[in-house]
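Here is a short briefing for a reader who is new to this structure. Please look at the sequence and the model first, then go through the points by topic.

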Amino acid sequence: MAAVLQPPTSSGLSFEPLAQAPPLIRSNEGEYIKQKSLGWLRPTAKDTTLDEMRRRFDTDGYLLIKGLIPREDVLDMREQNLQRSRRPPHPPRNRGSSLPEEQAKVNRLIEAHLTPEYLSFVAHPVLGSFVRKFMDWKNEVLVKRSMLRHNVPGGLSTGIHYDRIFLRAGEAEFLTAWVPIGDCSAKGGGLMYMEGSSQLGKEIERDFTERAKDMSPEERLSGFNRNMAEGGQLAQDAAAFGRDEGKWLTADYEAGDVVFHNPYMIHAAVKNEDFETGRIRLSTDLRFYEEGSKLDERWMQKFWTPNDGL
Ligand SMILES: O=C(O)CCC(=O)C(=O)O
């Protein structure tokens with residue numbers, strides 16, 4: 001079965017079936033997911049034909065490409081970002097600033113989204129050209145709002161959702177790329193996907209749309225409107241949410257891997273419990289549209305800031 005395939009190495013292009021089961025993982029809240037409800041994401045070698053990649057994406061709702069971005073480029077990005085974030089919030093020349101330390105840290109995170117190294121990383125030519133070919137678009141547009149996320153071991157992780165909740169304003173289909181910036185073991189806080197959940201995501205969205213009929217246009221589009229759970233998420237407990245709905249699939253992600261998913265595919269972040277390595281899960285998530293399509297303009301207006309309403 002596809003879900004038990006896993007690549008042997010970062011450079012290997014052939015993927016052997018991996019007998020071992022994924023480690024026990026959990027989401028932000030709740031119990032560990034039962035072993036029988038866990039599986040591996042199907043890995044795809046980057047030299048697989050486009051037809052086969054598209055077939056997998058249509059069937060699975062996601063496409064995990066091994067080693068798409070050169071590993072060294074990803075590790076450079078990681079190093080630059082983590083070095084920057086380890087600097088004291090008030091640089092020595094600015095000591096005595098009245099800005100509270102927490103605010104200084106938030107400001108630094110905002111600034112990390114504007115650095116030339118981050119902006120050139122998200123515009124990596126390999127990524128753009130892959131999206132263009134894979135989607136058969138003349139040109140792709142990367143939305144301006146993207147997020148750099150640091151999940152520290154034991155910290156909070158993203159709840160269960162599908163992306164359309166947060167990008168309801170554009171009629172066009174978009175493609176999400178989730179890019180781990182560094183290696184990330186299966187229990188290291190990467191994304192997990194609910195197997196075969198695109199249809200369920202569509203049904204849930206239809207129901208939300210129906211129940212939002214009487215709202216103002218702005219509220220209807222909001223991922224945080226009164227019908228949504230806290231933070232726009234469907235839930236926080238993957239063990240409970242997944243009970244009847246299929247397996248949660250995850251991977252030992254390696255720097256250079258990219259997972260693409262459709263707007264309705266249900267996913268969440270694993271709680272980072274990689275205490276052995278103590279590795280921070282650093283990642284970014286990017287949304288692409290076809291140039292000229294009706295995209296969600298709200299995501300084009302500004303770079304990410306905390307509580308920006310999206
Ligand atoms: O990285 C995360 O924690 C969440 C990312 C995500 O949900 C997405 O890319 O759609």
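Leu114 sits in the loop that joins α3 (101-112) to α4 (116-122). Helices (H or I, at least four residues) and strands (E, at least two) are DSSP runs, numbered from the N terminus. This is a predicted model: local features need pLDDT of at least 70, side-chain atom pairs count only at pLDDT 80 or more, and totals for chains, interfaces and linings use all residues. Residues are numbered from 1 along each chain as its sequence is written, and side-chain values use heavy atoms, with hydrogens and water left out.

**Surface patch**

- Leu114 is partly exposed, because its relative accessibility is 41%; buried means under 20% relative accessible area, exposed over 50%, and partly exposed in between (1.4 Å probe, protein chains only).

**Largest pocket**

- The volume of the largest pocket is about 1,300 Å³.
- Its lining has 44 residues, and Met147, Arg149, Thr158, Gln233 and Trp304 are the closest to its centre.
- Two or more lining residues come from each of α2 (71-86), β5 (147-151), β6 (175-180), β10 (267-269) and β11 (281-290).
- β5 gives the most, with five residues.
- By type, the pocket lining holds 17 nonpolar, 18 polar and nine charged residues.
- Here Ala, Val, Leu, Ile, Met, Phe, Trp, Tyr, Cys and Pro count as nonpolar, Asp, Glu, Lys and Arg as charged, and the others, Gly among them, as polar.
- On a 1 Å grid over the protein atoms alone, a pocket is an open set of points with protein on both sides within 12 Å along at least five of seven lines, whereas a cavity is a set where a 1.4 Å probe fits but cannot get out; lining residues have an atom within 4 Å of a point.
- Grid points are joined across faces, edges and corners, and a volume is the space filled by probe spheres set on the points.

**Cavity**

- The whole structure has one cavity of 30 Å³ or more.
- The largest cavity holds about 30 Å³ of space.
- Among the residues that line the largest cavity are Asp183, Cys184, Asp274 and Arg281.
- The cavity lining has two nonpolar, three polar and four charged residues.

**Salt bridges**

- There are 20 salt bridges in the whole structure, each a side-chain nitrogen of Lys or Arg within 4 Å of a carboxyl oxygen of Asp or Glu.
- Asp308 pairs with Arg145 in a salt bridge, with the closest N and O atoms 2.7 Å apart.
- Asp308 lies in the segment after α9 (298-301) and Arg145 in the loop between β4 (140-142) and β5, so the pair ties together parts 163 residues apart in sequence.
- Arg145 is buried at 4% relative accessible area, while Asp308 is partly exposed at 27%.
- Glu52 forms a salt bridge with Arg55, with the closest N and O atoms 2.9 Å apart.
- Glu52 and Arg55 are about one helical turn apart, because they are three residues apart in helix α1 (residues 50-60).
- A network of salt bridges links Arg149, Asp163, Asp285 and Arg287.
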